[in-house]
Amino acid sequence: MKSTLGWGLIGASTIAHEWMIDAIRAQPGHTIAAVMSGDAQRGAAYASAHGIPGSTTALDDLLANPAVDAVYISTTNELHAPQAIAAARAGKHVLCEKPLAMTLPDAQAIVAACNAAGVVLGTNHHLRNAASHIAMRQLIRDGAIGQPLFARVFHAVKLPAHLQGWRVHKPDAGGGVILDITVHDADTLRFLLDAEPVEAVAMTQGDGPVEDGVMAVLRFDTGVLAQLHDAFNVAHAGTGIEIHGTAGSIVGRDVMTQRPVGEVLLRTAEGERQVPLVPHDLYAHSLAQFAAAVRGEGAPAASGEDGLRSLAAALAVVEASRTGQRTAVRLG
């Protein structure tokens, strides 16, 4: 297996600028060979600003670059499927932003293409890489709160102006809070609970072309009920997640974020204690696991299957909010 990995960025994105370029370069032997942007001027400026050797407007050119072993896809959501499938067929490993796709058939096609090509597929669900969530998962697995019964997720934020754009104006590009934030909640709860969502109810808020707020409940196959509050238009709520069980509760404060911050509290009959954490960069942690998977050592932090399942849950929330009915989470 190669000890080095050359990356191509599909999308000259803000998330790559703010988080992923540094995370890639934090991995020993990893380099960024090229960036693709639909805007030639933007791509060239982006490459220059980040010290990336090449830029192109053509996906085929990037995939034909022999220096590119893997791609990171951070384009708008409707482009993920054709780009990921093309990358797999070109023999490139794929790390794709969430949601993996906009429809289940497209997500399944991505997974199938990567399996057929024998390349690694990861979904960039960053939250499961946080020290806080890793610690919470271990507490649950160790039985610290007994049998989990309920969960609450607080993920209502004020979306910064520079991130709004298509997220609030373009439903055809996969905009809206459900595909942007609720999909993360679903993945995080799956990770923490070792359980699968099977049913959703939901109501949304917003007068624009996409929803900017949602309250939903997911039922998991273990019987856990999880309440979700996600929004683009709440500035001062703070984020968090709670898991309540038969013998105790875990409370994570300010942990539904890209930054390695927040605290975790464990409450039982013995009282409340703060759980010790050793914070680390969420994206660098994800990239390290992806690199190990490419070397044949384990799996990505969030696999293509994880991306498929979190998308299925989010789409069930979309459907439940549209119909006002309890909606099954379906994988096909």
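Colleague: What makes the meeting of the side chains of Lys 98 and Asp 180 a salt bridge?

Modeller: In this predicted model the N to O distance between Lys 98 and Asp 180 is 3.0 Å, and a salt bridge is defined as a side-chain nitrogen of Lys or Arg within 4 Å of a carboxyl oxygen of Asp or Glu, so the pair qualifies. The two residues lie 82 residues apart and link distant parts of the chain, with Lys 98 in the loop between strand S5 (93-96) and H5 and Asp 180 in helix H8 (residues 177-193). As to the basis of these values, the model is a predicted one, in which local features need pLDDT of at least 70 and side-chain atom pairs count only at pLDDT 80 or more, while totals for chains, interfaces and linings use all residues. Residues are numbered from 1 along each chain as its sequence is written, and side-chain values use heavy atoms, with hydrogens and water left out.

Colleague: Why is Asp 180 called buried?

Modeller: Its relative accessible area is 10%, and buried means under 20%, exposed over 50% and partly exposed in between, with a 1.4 Å probe and protein chains only; Asp 180 therefore counts as buried, and so does Lys 98, also at 10%.

Colleague: Which other residue forms a salt bridge with Asp 180?

Modeller: Arg 167 does, with the closest N and O atoms 3.3 Å apart. Because Arg 167 lies in helix H7 (residues 166-169) and Asp 180 in helix H8, this pair ties together parts that are 13 residues apart in sequence.

Colleague: How do you know that Arg 295 is partly exposed?

Modeller: Arg 295 has a relative accessibility of 34%, and therefore counts as partly exposed. Its salt-bridge partner Glu 297, with closest N and O atoms 3.1 Å away, is partly exposed too, at 47%.

Colleague: Why are H4 and H5 called roughly parallel?

Modeller: Helix H4 (residues 80-89) and helix H5 (residues 104-117) pack at an angle of about 10°, with axes 9 Å apart. Angles under 35 degrees count as roughly parallel, over 145 as roughly antiparallel, 65 to 115 as roughly perpendicular and the rest as oblique, so H4 and H5 are roughly parallel.

Colleague: Which residues make the contact between H4 and H5?

Modeller: With contact meaning heavy atoms within 4.5 Å, H4 contributes His 80, Ala 81, Ala 84, Ile 85 and Ala 88, and H5 contributes Asp 106, Ala 109, Ile 110, Ala 113, Cys 114 and Ala 117.

Methods. Axes are lines fitted to C-alpha atoms, for helices over the stretch in contact, and angles run from 0 to 180 degrees between N-to-C directions. Helices (H or I, at least four residues) and strands (E, at least two) are DSSP runs, numbered from the N terminus.
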